[in-house]
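Try each task before you read its solution.

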Amino acid sequence: MKKSNLDKTITLAAFTISLIAISMVIMNYLKATPALDSEVFTVKGGFGYQIQAKDKIIIKQEYMPAVQGAVPFTSAEDAQLVSSLVINKLLHNESPVVTLNDLENLNIKVLNRQ
């Protein structure tokens, strides 16, 4: 039995809608799965952080960025705040560089600031 043009059009439309729905489900899953993650760790005299992309370390920061000398973060919370800032910058296609101004905006005390 031969299909009419209307039947073919309906089949094609249903197939297209199905593909769009599947694509939307996949895109929502990928958005919900964090591509970047961070972990705070202890170092001599304080804390540092690392940022991973799918279990591969892409940034390891043992000391406060933008601060002269090897000055670790004084708290795990401060290290976590900065790692979150860096991840946010990366996700927005910005440079992950952290400045003294960034540290001040996060209310992070820089003890050895000269």
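**Exercise 1. Find how β1 and β2 are joined, and in which direction they run.**

Solution. The model is predicted. Start with the bridges: eight of them join β1 to β2. The two strands run antiparallel. Now pick a pair: E39 stands opposite Q50 in β2. Last, look at the hairpin of β1 and β2, which has two residues between the strands. There, G45 takes a positive phi near 85 degrees.

**Exercise 2. Work out the strand order of the sheet, and say which strands stand at the edges.**

Solution. Take β2, residues 46–53. Five bridges join β2 to β3, and this pair runs antiparallel. From one strand to the next, the twist averages 25 degrees.

**Exercise 3. Place M64 in the chain, then decide: is M64 buried or exposed?**

Solution. First, the place: M64 lies in the loop between β3 (56–61) and α2 (76–91). Second, the accessibility: M64 has a relative value of 3%. Buried means under 20%. M64 therefore counts as buried. Third, the contacts: leaving out residues up to four places away in sequence, M64 touches several residues, including F73, L103 and I108. Finally, compare sequence with space: M64 and G48 are 16 residues apart in sequence, and their C-alpha atoms are 7.6 Å apart.

Key. Residues are numbered from 1 along each chain as its sequence is written. This is a predicted model: local features need pLDDT of at least 70, side-chain atom pairs count only at pLDDT 80 or more; totals for chains, interfaces and linings use all residues. Side-chain values use heavy atoms; hydrogens and water are left out. Helices (H or I, at least four residues) and strands (E, at least two) are DSSP runs, numbered from the N terminus. Buried means under 20% relative accessible area, exposed over 50%, partly exposed in between (1.4 Å probe, protein chains only). Contact means heavy atoms within 4.5 Å. Two strands pair if DSSP finds at least two bridges between them. Axes are lines fitted to C-alpha atoms, for helices over the stretch in contact, and angles run from 0 to 180 degrees between N-to-C directions.
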